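Here are some notes to read beside the model. Keep the structure open and find each residue as it comes up.

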Amino acid sequence: MTTTTTKPFDIAIVGGGISGLTLAIGLLQQNVPVTVYEAASKFGEIGAGVGFGPNAVRALALISPELPQKLDRLITYGWESQRMNWFRARVGDARKAGPDGVLRQEWKGQKNEGKKVGDPLFDVGYTDADGVKGGVHRAHLLDELLKLLPASVSHLGKRLVSIDPADDESESSSGGDVVLHFADGTSVRHSAVVGCDGIKSRTRDILLKGEAKAVFSGKYAYRGLIPMDKATEMLGAEIAQNCQMYMGHHGHLLTYPIEKGRTMNVVAFSSCDTWSNPDWVVSTSKEKMLSDFAHWGPDVAAIISAMEKRDIWALFDHPPAPTYFGLAPRICLLGDAAHASTPHQGAGAGMCIEDCYVLSRLLGEVQGAGDIGKAFRAYDAARRPRTQKLVSTSREAAMLYEFELVGDDLEAIEENFTTRMKWIWDVDLQEELERAFTILRS
Ligand SMILES: Cc1cc2nc3c(=O)[nH]c(=O)nc-3n(C[C@H](O)[C@H](O)[C@H](O)COP(=O)(O)OP(=O)(O)OC[C@H]3O[C@@H](n4cnc5c(N)ncnc54)[C@H](O)[C@@H]3O)c2cc1C
């Protein structure tokens, strides 16, 4: 890729996760000088799998034509016959079943059609037959993104502490330059900063003056891995090697293949009213995991028993921010720093990548530092409604899967579930960008 940097302004990115690295690639494609400041001593991701819907893959292709090929090599697919399935939905909870395991819930106008706990009910399928989509290993994805960035762009061990406006404003800066101060005592000056520093974003705190901090969503997740051989032995090949969702009362469980089918990834969700521990990832006991799923059927019981890791992830999300940007100094929020969501629609990272596409193209249109604010304003207007809708509908999605939205009426669940992802997956990103350009030029 080209690394020629021609614009007479430069952008600091705080945070080197999926958002920060993808934005850096996008900005370099637009010849915008960029520097990434990452707090950790090396780039890395916590957790194993991240799913990409068709919108995320299309956004990557628009940012850099090299990205989809790289992604395609990383994606783990299920069976050819199930490639168009996001998830195959089942009821995993046995509380409403008779002693024979047959569900007592109404479905398809007949008394449950003899469906048992764990039987397949319906598929939630993609609508874009041409697009690549699927799950990738987070660390592998980050490695591929890093390969597209010159080493000089990234600075590790740089934890942002505060941001000041530059006080010796030159004519070229047009006012609004930023000075970033890091925990190691160093400071740097740039024309503007984009905060890609995740759900606990310091940049967000600075821009929004501590308002709209992340709140507990009432859900938490156990995440774990099971070697595919063992999973296949336990559940059978079709279940273990494809994407499954088991629904139930105040909980649901997902399984999908990762690492080219060598491993089955498990995410098991449960509910509680409050979260008081300052840590959002805590270790727990096997007994606690088993007690959360004590009333579930044999497949879920087997999966939970086989999970070796015993971490609980508390799931937080952001209340809507009133703005994603400020002008004095120039600050913009992107990705989870702007709109951290619960993971129930598997689309948080996809929204981050869409953000990167729109913001990098807008900044690519800017000719001088004085117009960066216009690009931030256009990005904010174009992206805030869609990304904040993801946060609210994601919470709702968990309620749907956990019999809290339309109860355990399986027909109503199917109707809602099989149509609710359309607005996320089928977005026309070029139209989204055109809208942003119109705002930029107005
Ligand atoms: C359980 C779970 C499952 C998920 N599954 C999916 C899925 O299947 N599909 C999907 O699309 N999304 C999923 N998501 C959401 C997705 O993981 C996030 O939206 C995405 O990773 C956010 O990326 P980010 O780069 O914006 O933030 P982060 O990944 O949080 O990166 C922020 C970076 O900033 C750095 N940083 C933080 N503070 C500072 C500072 N002060 N100074 C400098 N650097 C700093 C951090 O070290 C980190 O590297 C899931 C989320 C969870 C919790």
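Helices and strands here are DSSP runs, numbered from the N terminus; a helix has at least four residues and a strand at least two. Keep in mind that this is a predicted model.

1. **Lys 209.** Start with a loop. Lys 209 sits between α5 (202-208) and β12 (215-227). Its phi is near 55°, a positive value in a residue other than glycine. Most residues other than glycine have a negative phi. Is Lys 209 buried or exposed? Lys 209 counts as exposed, at 70% relative accessibility, because the cut-off for exposed is over 50%.

2. **His 250.** Here is another loop residue with a positive phi. His 250 is not a glycine, yet its phi is about 60°. Look for His 250 in the loop between β13 (244-248) and β14 (251-258). His 250 is partly exposed, with a relative accessible area of 44%.

3. **A cis peptide bond.** Most peptide bonds are trans. The bond from Ala 328 to Pro 329 is cis, with omega near 5°. Pro 329 belongs to the loop between β18 (325-327) and β19 (330-333).

4. **Aromatic pairs.** Now turn to the rings. A pair of aromatic rings is described by the distance of the centres and the angle of the planes. How many aromatic pairs does the model have? The count comes to 15 aromatic pairs. One of them joins Trp 280 and Phe 316. Their centres are 3.8 Å apart and their planes are 10° apart, and the pair is stacked. Trp 280 lies in the loop between β15 (263-271) and β16 (281-283), while Phe 316 is in strand β17 (residues 311-317). The pair therefore ties together parts that are 36 residues apart in sequence. Both Trp 280 and Phe 316 are buried.

5. **Charges over rings.** Stay with Trp 280. The charged end of Lys 200 sits over the ring of Trp 280, 4.3 Å from the ring centre. Arg 223 and Trp 313 make another such arrangement. There, the charged end of Arg 223 sits over the ring, 4.1 Å from its centre.

6. **An aromatic cluster.** Which residues form one aromatic cluster? The members are Trp 86, Phe 87, Phe 122, Tyr 126, Tyr 256, Tyr 401, Phe 417 and Trp 425. The C-alpha atoms of Asn 265 and Trp 86 are separated by 14 Å, and the two residues are 179 residues apart along the chain. Asn 265 lies in strand β15. Asn 265 counts as buried, at 5% relative accessibility.

7. **The shell around the ligand.** Next, find the ligand.

8. **Polar atoms at the ligand.** Check these distances one by one. A side-chain N or O atom of Ser 19 is 2.7 Å from an oxygen atom of the ligand. For Arg 138, a polar side-chain atom lies 2.9 Å from a ligand oxygen. Ala 349 uses its backbone: a polar atom there is 2.8 Å from an oxygen atom of the ligand. On its own, the ligand has 1,000 Å² of accessible area, and the protein covers 83% of that.

9. **His 339.** Move to helix α10 (residues 336-339), where His 339 lies. His 339 has a relative accessible area of 2% and is buried. Which side chain does the side chain of His 339 make a polar contact with? The partner is Asp 355, at 2.6 Å.

10. **Thr 393.** Finish in helix α12 (residues 372-401), which contains Thr 393. Is Thr 393 buried or exposed? Thr 393 is buried because its relative accessible area is 12%, and the cut-off for buried is under 20%. Its side chain and that of Gln 345 are joined by a polar contact of 2.9 Å.

Notes
Residues are numbered from 1 along each chain as its sequence is written. This is a predicted model: local features need pLDDT of at least 70, side-chain atom pairs count only at pLDDT 80 or more; totals for chains, interfaces and linings use all residues. Side-chain values use heavy atoms; hydrogens and water are left out. Rings of Phe, Tyr and Trp (its six-membered ring) pair if their centres lie within 6.5 Å; planes under 30 degrees apart count as stacked, over 60 as edge-to-face and the rest as tilted. Buried means under 20% relative accessible area, exposed over 50%, partly exposed in between (1.4 Å probe, protein chains only). A charge sits over a ring if NZ of Lys or CZ of Arg is within 6 Å of the ring centre and within 35 degrees of the ring normal. A polar contact is a pair of N or O atoms within 3.5 Å; within protein, one must be able to donate a hydrogen and the other to accept it, and residues adjacent in sequence count only if both atoms are side-chain atoms. Accessible areas come from the Shrake-Rupley method with a 1.4 Å probe; for residues, only the protein chains shown count as cover.
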